[in-house]
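Please follow the description below with the sequence and the structure side by side, taking one region at a time.

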Amino acid sequence: MDLGNLASLKHFIPEMILVAGVLAIVLIDLAVRDKSRLGALALIAAAASLLAIGLAPALPGAWLFHRMLVFDSFAIYFRTLIALAAVVAIWMSIGSEEVKNCDQGEYYAILLASTFAMFLMAESANLLMAYLALEFVSLTSYILTGFLRHNRRSLEAALKYLIYGGVASGTMIYGMSWIFGITGSLDFNVINKALSTPGHLPVLAVFIALVLILTGMGYKVASAPFHMWAPDVYTGAPIPITTFLAVGSKAAGFALLTRFFFPAISHLAAGGSWTALAGVDWPQLLLFICMITMTLGNLAALQQTNMKRLLAYSSIAQAGYALMGFVVLSNDGIRAMLFYLFAYYVMDAGAFVVVMIVANSTGREDVDAYRGLAWRGGIVPALALTIFLFSLTGIPLTVGFIGKFYLFAAVIRGQFYILAIVGILNSVVSLYYYLKPIQMMFFEQPRGDEGTVRFEAWNYGLMGVLACATIVFGLYWSPIISFANRSLSFFTGPT
Amino acid sequence: MSHALTLITFVPIAGMVLILALPDSMKNASKWIAVAATIPQLLIAIHLYEYFDTTTSAVQFAEKVSWMPSYHISYFVGVDGISISMILLTALIMFISTFASFGINRAEKGYYAMLLMLDTGMMGVFVSLDFFLFYIFWEVMLLPMYFLIGIWGGPRREYAAIKFFLYTLLGSVLILLAMLGLYYYSATPTFDLTELAANSSHYSIGFQRIVWIALFIGFAIKIPAFPFHTWLPDAHVEAPTAISVILAGVLLKMGTYGILRVNFAVLPAATYQLAWLFLGVIGTINIVYGAMCAMAQTDYKKLIAYSSISHMGYVMLGMAAFTAAGINGAVLQMFNHGTITAMLFILVGVIYDRAHHREINGFGGLAQQMPIYTAITGFAFFAGMGLPGMSAFISEVLVLLGAWQTHPVMVVFGAATAILTAGYLLWTFQRIYLGPLNEKYKDFPDLSFREAFTLVPLGIIVLILGVYPHAILGLLNTSLVHLNQVVLSTSGAAVAMVR
């Protein structure tokens, strides 16, 4: 179905709720003196949007707004994930000491706008739309990263982010212009048809174009060699924003990456495997990027002593794991990747919540602040962080293990044995730095100068929910995997 | 009891939940809850022993519930002769080591909760017949062990704990890859170990060899086989007494158990080809190298740890023999090593609790001050040396006899090491217990009732199995002879079975 502007609107309700939320916050911010309720309003908007995604009637798939956006089950999966990330980020913002002194109206309005932009990224059916959405996400992210105006680290992070982002998106749009030149269109579906016309495929030109485009998308998922910004930005940004970037922005990046590299330029063959364009060897390139990303992320994380930085490098490595599902070119792999992104959302957001709880009480983010945490009244956050970190490592009884299980299953099934070996060696290496905070919390005795971690019902509640989800989905993961399974269908036009 | 295996596995979890729910004011009750959780386990183990049908190699007391149908994963538990002997051992060692833990006086709730979780993990490994389930339990076991060493261990506990975790995780992930390989290349995708074993001929020999080696490394780290053994002395030295007992008594057996359960049963053709090198030669190196290292130690606990490595070598050698005597001896040796080493580690713990050091040369003449303790130590040392009339004699002789037909040279080394073993044990005995009493230790009390209570049952079992090994061999024989036959049949030449 190719829907026009008005007919599209009824499939656009979740996005419209977010926009309404943005407008409401901006207006109310002008009218009322007490800004403390604006966070709650943002939370309601994000939750309502999530609800609207859930309640939307099933549809086989359609183009919205004259083929600018595509509405299919793949988009639903990522909209759900991004909305969940927004809910967590807003929830954390309400409970964060850092954000309390900022301008509440602008903060929440931009956060919701950023969520809206990520939705668009996951739904783009057109390179121009994809570029605009990606830029929209980037611009909002720069502002949110630098939101702590009196904090030099925050400003430095925003500036670095801006410079890297500018270069990456400039490179990407240049690549898009090559694709436009080769195929004469920006529409994913038309590009696909043009590139698969047998005979005159300019192999080298297409390959260069894809590499250029990959720069922008790789930058969004923070894969090597476009990952440089991530450690500084994650460390400098307020913790709720770090979380939002780590889980939300990354998910949106994966959505766009998958939608462009699979339905737009590859073909689904029988048996659920994908064939790339003949002669254009981007899968090989991505295979190397995947292995380098996880290895680099893990090795760099070994030396970190700041928790946010440690988790930043860890999230680079995690993106590498998720890419394992991408490079095996099969529906099995994509499903594993979808599942892993959900698992990653639960465990990584959880870890950041604990970091925030500790930072709220002590103002510290270094690993030393966790010394003897279990023995100075912080046994509950200590246990929760342990669960999240073990899950990130991929130890059974956690959702992270199930995610890795599916990834490795897809890799082994696709007979990528070297990738499998690199992947497991990385898992072992990552254990070393994930254990570091755990050892600090449990094996060390407090010195007395670490301060106490106070109980905050609001944040502890979120932490508890995420910790329970990590365990419960580690034992009973059917609902998630069947959701991921349903989401494997891409709408590529009426058949 | 129709759910005996589920019960025996998850009773400790119930205890763990109860302990975690205790208010802090009642934390002294946690040890009694732990004891109360291990008693039903021991009773169920005895019940299983009583009703186990020794005439068949088929799986018994099986329970199967589908868990993840789309990946053919199920909760499938059951026992055969090999696993039931290990379940008995686990129940016994856990019961003993709970009492051996009473000296723990820091964060007791956490300690006993972890101990019980470890218990469930170990039982789970031995009852699982679904590879996925097996793997879950296998990993679940790591976590409590890591915390038990890391929180309640000695001065270098952090190093020991992380080394233990890294080594074993490396092994586990290799097992994970091998497991996925077996799943995707089987005739019908399944994780059911009995089904995989039944269709083992489906795998090509080249594939079998690769998977076999991956699995072997994973399991060998746990045994621990040379050259993957270096985590063990560190872990033992830093672990509290009861944890050393569990580590040596049960955990090390998981490695050889896994090889029998997966490598032998699912990949018999590769086993037949590779066992001489990976089990025979490495096993012999373990025997000789472990004994030599033990001789060089001045730390009492490290010495016992290396002797453990040496004794596990006999298990591997017996498995490489492919004779009924060899494989029976190997599994019996697993059981016997569990009981004897448990005694040895408890004995080390007794003296450490009093002297707060383990330097062998720093003692002397303890026999005058602690006669009962010395007598029991002497008994355990003789058992460790494999003196006739004690359990280890039977199993080591079976191993050597069984292996003689296939690997005579290795047997010569294995048998000759008995002299080294006697050497380091007697020398240690002399330095610690004989000679003039060191003045510092003249007011050490002898064994307390609790300590004696943890040692005597093990000693009795060692004696009983020394004169009546059939008590365990009877359980094993049918299953092991069948397994051995499966491996031998892949060679095409049916070698005459010698009992």
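In this predicted model, A:L466 belongs to helix α18 of chain A, which covers residues 457–475. Because 24 C-beta neighbours fall inside 10 Å, A:L466 counts as buried. Leaving aside neighbours within four places in sequence, the residues in contact with A:L466 are A:V346, A:A349, A:G350 and A:V353. A:A384 stands 82 residues away from A:L466 along the chain, yet the C-alpha atoms of the two are separated by 8.7 Å.

Another helix of chain A, α5, runs over residues 104–123 and has 20 residues, reaching 29 Å from its first C-alpha to its last, which is close to the 28 Å expected at 1.5 Å a residue. This helix, α5(A), is mostly covered, with 18 of its 20 residues buried.

Turning to chain B, strand β1 (residues 60–68) pairs with strand β2 (residues 73–79) in the antiparallel sense, over 6 bridges. Within this pairing, B:E63 has B:V77 of β2(B) as its bridge partner. The hairpin formed by β1(B) and β2(B) has 4 residues between the strands, and there B:H72 takes a positive phi near 55°.

What remains is the meeting of the two chains, where 23 residues of chain B are in contact with 18 residues of chain A. On the chain B side, the helices α5 (131–140), α6 (142–152) and α7 (157–184) each supply at least two of the residues that touch chain A, and α7(B) gives the most, with 14 residues. Sorted by class, this side of chain B has 18 nonpolar, 2 polar and 3 charged residues.

Notes. Residues are numbered from 1 along each chain as its sequence is written. Chains are lettered from A and ligands numbered from 1 in the order in which they are written. This is a predicted model: local features need pLDDT of at least 70, side-chain atom pairs count only at pLDDT 80 or more; totals for chains, interfaces and linings use all residues. The expected span of a helix is 1.5 Å times one less than its number of residues. A residue is buried if 20 or more other C-beta atoms lie within 10 Å of its own, exposed if 12 or fewer, and partly exposed in between; C-beta atoms are placed from the backbone. Two residues are in contact if their C-beta atoms, placed from the backbone, lie within 7 Å. Two strands pair if DSSP finds at least two bridges between them. Ala, Val, Leu, Ile, Met, Phe, Trp, Tyr, Cys and Pro count as nonpolar, Asp, Glu, Lys and Arg as charged, and the others, Gly among them, as polar.
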